Amino acid sequence: MRFQPSTTRYDSMVYRRSGKSGVRLPALSLGLWHNFGGVDVFENSRAMVLRAFDCGITHFDLANNYGPPPGSAEETFGRILREDLRPYRDELIVSSKAGWDMWPGPYGNWGSRKYLVASLDQSLARMGLDYVDIFYHHRRDPETPIEESMGALDFIVRSGRALYAGISSYGPEDTRKAAQILRGLGTPCLIHQPRYSMFDRRIEDGLLEALAGEGMGCIVFSPLAQGLLSDRYLAGVPEGSRASKNGFLKVADITPDRLAKVERLAALAQGRGQTLAQMAIAWVLRHPAVTSALIGASRIAQIDDGVSALRNLAFCHEELQSIDAILSGIPRKSA
Ligand SMILES: NC(=O)c1ccc[n+]([C@@H]2O[C@H](COP(=O)([O-])OP(=O)(O)OC[C@H]3O[C@@H](n4cnc5c(N)ncnc54)[C@H](OP(=O)(O)O)[C@@H]3O)[C@@H](O)[C@H]2O)c1
């Protein structure tokens, strides 16, 4: 049946400006790293993308290597575009990236102009698109001059393959350099995509400050620490969960110490009338330099849960202090 999007899809989503640009992104974006590959059930992937769009999530994040197999998430998304979302292309912000291992030989990885341009051409073919809205260099390549990688992003934008340039997982100093080079070339860097969650606060040590200073937006990935910051693992490792697949989230990552913190955080979230996943999303969005929380999902209910986080984004001082205390392992005060 032909997809008819909800007519109320823009009524409750929050949109935030990406740095000093003209683009506003949804406060919640959907990434297709897991659960959208060739090995996954297409109808579930399709249902999640369409539900997200119905909720006002206009931004879908991909990369050349998402799958498995690598490339297949872009094929899945291309099919959804072709069959359902084609009439709504101008309502979407589609991103892709290159920077990790993608094909054999010296031109299928890292940060050369040769790799970045060829990879984006492959991504466009897989998605059936003429252009992506944002193209990222996925990680800094220490052996390629930053001028070459940024020059490739500038060329990619000028040649019409992407509307905006972005960088991912660059440190504060490289971020400043990249921003400066791109500004000089006349293609300002729209956005940075770093990891950020209550369990990984490294970007608070200089990166967020650099982004604010450069007028760049920030979309943070894995705000749920791949599912750890939710009730997913409180009663063991469920069949089919990310940790059960022992890929990027390992069972060994679910330590008793982390679970104890998750339990205390979940109790705090409950006091705010939220699930822990909702509080974890609201928490990354509390920072004024953060434009969007980029979540993953394996089912529609997780997208609904994430969207509901936006109903309560405010934290009082005491709540933030309690979260800091839990995260730093300070024991609960006895009554
Ligand atoms: N730039 C980079 O280098 C980079 C790296 C990693 C990710 N990313 C991007 O960021 C996106 C998000 O990363 P991520 O998937 O790690 O994010 P995440 O939101 O931290 O983790 C998503 C996982 O958490 C679980 N989950 C989601 N919502 C839940 C809820 N409401 N309650 C309970 N569990 C819930 C699901 O796990 P189950 O599958 O177990 O249900 C889901 O697959 C990726 O898709 C990708 O676009 C970028």
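The model is predicted: local features need pLDDT of at least 70, side-chain atom pairs count only at pLDDT 80 or more, and totals for chains, interfaces and linings use all residues. Residues are numbered from 1 along each chain as its sequence is written. The protein has 10 helices and 10 strands. These are DSSP runs numbered from the N terminus: helices are H or I with at least four residues, strands are E with at least two.

**Overall fold**

- The radius of gyration is 19 Å, close to the 20 Å that the globule rule gives for 335 residues, so the protein is as compact as a globular protein of that length. The radius is taken over C-alpha atoms, and the rule is 2.2 Å times the number of residues to the power 0.38.
- Along the principal axes, the C-alpha atoms fill a box of roughly 65 × 50 × 40 Å.
- Of the 335 residues, 47% count as buried. Buried means 20 or more other C-beta atoms within 10 Å of the residue's own; exposed means 12 or fewer; partly exposed lies in between; C-beta atoms are placed from the backbone.

**Ligand shell**

- The shell holds 30 residues, and G31, W33, F221, G227 and G296 come nearest to the ligand. A residue is near if its C-beta atom, placed from the backbone, lies within 6 Å.
- Strand 10 (292-295) and helix 9 (300-308) are the elements that give two or more residues. Helix 9 gives the most, with 3 residues.
- The shell divides into 10 nonpolar, 16 polar and 4 charged residues. Ala, Val, Leu, Ile, Met, Phe, Trp, Tyr, Cys and Pro count as nonpolar, Asp, Glu, Lys and Arg as charged, and the others, Gly among them, as polar.

**Helix 2**

- A73, E74, T76, F77, I80 and L85 are buried in helix 2. They fall within an arc of 155 degrees seen down the axis, so they line one face. The arc is that of the directions from the helix axis to the C-beta atoms.
- The face turned away from the buried side carries exposed R82 and E83.

**Backbone sites**

- Most residues other than glycine have a negative phi, and most peptide bonds are trans.
- The G67 to P68 peptide bond is cis, with omega near -5 degrees. A cis bond also joins P68 and P69, with omega about -10 degrees.
- S222 has a positive phi of about 55 degrees. Q226 has a positive phi near 65 degrees. S222 is in the loop between strand 9 (217-221) and helix 7 (256-271).
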